[in-house]
Amino acid sequence: MVDEPASGRDLPTTFQRTAAGLSAGIAASVLIGWAFNVDAMTSLVPGSIAMNPATTVAVLALAAGIAFRSRRRAPLVGLLAAVAIVIGTLKFIQFLHGPYTGIDEILFADQLDRVAGVAPNRMAPNTAFALAGLGWGLLGSNSRRVQWIV
């Protein structure tokens with residue numbers, strides 16, 4: 001749990017919130033790119049593989065969770081962490097030959113397969129694992145038991 005510093009100039013907190021803000025800004029711009037069909041906005045580097053919309057939602061949830069980490073907002077942080085955990089875990093289970101979840105095809109499904117000759121835009125297994133792990137990390141960082149680690 002992160003307590004607000006008295007001076008408001010705690011460097012680690014400022015760094016966390018800045019990184020969260022940058023991540024949220026990138027994720028929001030990618031979602032806007034998908035929503036308005038602007039290919040240049042759907043990837044971090046124009047011309048590279050687009051970020052999957054489900055990945056973007058999870059990154060946005062994680063960024064918001066980091067920005068809102070405090071005792072007063074623990075339930076909100078838990079909910080935001082759960083978004084990333086669910087998205088990452090469902091997709092990773094699918095990679096382990098589990099049932100088809102389609103979690104990475106819910107948003108903008110009609111646009112994910114639109115480029116002829118290119119594999120459909122799907123979340124990678126390492127991304128799914130990382131999102132779930134980061135979600136659990138965010139959830140745990142709001143716990144008193146692991147506060148000494150953070």
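## Basis

Helices are DSSP runs of H or I with at least four residues, and strands are E runs of at least two, numbered from the N terminus. The model is predicted, so local features need pLDDT of at least 70 and side-chain atom pairs count only at pLDDT 80 or more, while totals for chains, interfaces and linings use all residues. Residues are numbered from 1 along each chain as its sequence is written, and side-chain values use heavy atoms, without hydrogens and water.

## Second largest pocket

A pocket is an open set of points on a 1 Å grid over the protein atoms alone, where a 1.4 Å probe fits and protein lies on both sides within 12 Å along at least five of seven lines; lining residues have an atom within 4 Å of a point.

The second largest pocket holds about 300 Å³ of space. Its lining has 16 residues, with Leu62, Ala63, Ile66, Leu134 and Leu138 nearest the centre. Helices H1 (11-35), H2 (53-67) and H5 (125-141) each give two or more residues to this lining, and H5 gives the most, with 7.

## Packing of H3 and H5

The axes of H3 (residues 74-95) and H5 come within 7 Å and cross at roughly 150°; axes are lines fitted to C-alpha atoms over the stretch in contact, with angles from 0 to 180 degrees between N-to-C directions. H3 and H5 are therefore roughly antiparallel (over 145 degrees).

Contact means heavy atoms within 4.5 Å. Among the residues making the contact are Val77, Gly78 and Ala81 of H3 and Pro125, Ala128 and Leu138 of H5.

Terms used. Points joined across faces, edges and corners; volume = space filled by probe spheres on them. Parallel < 35°, antiparallel > 145°, perpendicular 65-115°, else oblique.
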